[in-house]
Amino acid sequence: MTEETLNKGGNSLTAIIWQTPFLKGVLMLVLASAVLLPAYDLFYVYPSFEKLLIKSMENDAKRTAKHILHMINDQESEDSIFTSDGMTPQLQEQLSDVASDFSLWKARVFSTKGKILFSTTTNETDTYNESPYFHQSVAKGRIFSKVEHKSGKSMEGEVIPVDIVEIYVPVMNGKQFKGAFEIYYDISEEWTLLQTLLRNTGALLLLLMLGFLFVAVTLVIKSAREHRLLTITRSELNRQERLFHDVIQAAQDAIIVTDYQQRILLANPAFTELTGFSQNEVLGKTPAIMKSGRHNNAFYREMWQTLVEEKHWRGEIWNRRKDGSVFPGLLSISTIDDNSEEGVQHVGIYIDISKQKVQEERYQKMAFHDPLTSLPNRVLFMDRLEKSMQAALRTDENVGLFFIDLDGFKQVNDMAGHLAGDALLLEIAQRLTGLIRKEDTAARLGGDEFTLVIHGAKERETFERIATNVVESLRQPIILDQVPKPVYISASVGIAIYQQDSEVIEELVSYADKAMYVAKRTGKNRYVFYADT
């Protein structure tokens, strides 16, 4: 850079960047990217999410339709479902069960003429769908989807808005149109999330464009040599104060500002929407009005001590709304010290994480529990077994590991169908759970394989008694809704005992599995200890 350039633009960092073409180009590229990337998300990425969501729902609808047809084919001709005579009460009940099992918002069945033969909503049958898309698209074998915004009822009976995707799935025999299913999915949560993303990104884009404009104007002003030494005027301070106020008011997260006595000075609209308290109701009061009662005094002492020492605190906290309901949130508190006689102020930003908590619990259950029976899966079973072995080692007790394989389950599953098989597995899970104590573990490893972890016993007779109860319980008749007669099965049980058979978890699991196969080879409907093989 030459001396002439320095003399022209001054020697401040801003002036040097603005007067240097390369650095100026890099700066403008960064600023433009900051605006273009959110715009790309807003106008391309998020609309693509909507298309993917609809496409995913269409695939689910196709699978549901195939499941219904498969169910009908197991019992009668699939043509019967698309005729008034064939739509029997039994068939309607089965269709209602399918709608419930697949968590459908609503389901309907149409004839070739568009007549509603079945609907999970009352008073809709025997009416016709006169919409052009039914005859011009669905009746020609093309799947048709649309998003509707309807009203539904919450568990408390309140009328609430519901976002629904309606999917028409035609059933064809070659090129012949046989009828159609109309399947409704509730996508309120996904739709709300998408709309929230759009709003947040739009607000971010607006703020970035304002910031871009502000930075550009600032650079132009600062590049002029005669304005290098000017101080910020009162009007500029007032402008920035208004901008600060506007940003807080437009923020999607709840924000409050307190004085040095922790009295609330400001609360934005998002705070009112989240808590139900208006700004007038909280001004002059402390945030203690939102205490949920879920945190002890030690929690708050530690929080304020951190604020004093580090000028910032961030963590999860439960608060109470005006209506008395409590909810979890992520709270971030920052200390502002203006060096005045009154001391410090605090700014708190609160984000509702109720949905994230529900999602975390859902993922936790999916990761460690069997989706059908809700029993622990293989991962949780191994963890429980290891902890039981560690506890037994300290108390010098034994742990019984039972491997249980059902005899005759495949025949029931093949003859009565998967719904009957699932109902049978649920009954087995309930019987096994009823045979053990709360501190013991019943798990499903997959298919028709179950395990029990029994600890706290010192004598083999205890495990023999439990094994006898298991074999006796599982060979008792089972009543299933899907089967007209009682179902009879039995169980082959293999038992390995920790400390007696092995002190290594992998060996113990292998020994119990081997004992179970010995029980199955020697006649089934019995239990075998590994020590006796």
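1. Let's start with the salt bridges: a search of the whole structure turns up 20 of them (a side-chain nitrogen of Lys or Arg within 4 Å of a carboxyl oxygen of Asp or Glu). Keep in mind that this is a predicted model, where local features need pLDDT of at least 70, side-chain atom pairs count only at pLDDT 80 or more, and totals for chains, interfaces and linings use all residues. Residues are numbered from 1 along each chain as its sequence is written, and side-chain values use heavy atoms, with hydrogens and water left out.

2. Have a look at Lys 520 and Asp 407, whose side chains form a salt bridge at 2.6 Å, N to O. This pair links distant parts of the chain, with Lys 520 in helix H16 and Asp 407 in strand E11, 113 residues apart (helices, H or I, of at least four residues and strands, E, of at least two are DSSP runs, numbered from the N terminus). Is Asp 407 buried or exposed? Asp 407 is buried, as its relative accessible area is 6% (buried means under 20%, exposed over 50%, partly exposed in between, with a 1.4 Å probe and protein chains only).

3. Now compare Asp 414 and Lys 410, which meet in a salt bridge at 2.7 Å, N to O. They sit four residues apart in helix H13, so about one helical turn separates them. Asp 414 and Lys 410 are both exposed.

4. A word on confidence: the average pLDDT (the predictor's confidence in each residue, from 0 to 100) is 83 for the protein. Over residues 1–10, though, pLDDT stays under 50.

Methods: Contact means heavy atoms within 4.5 Å.
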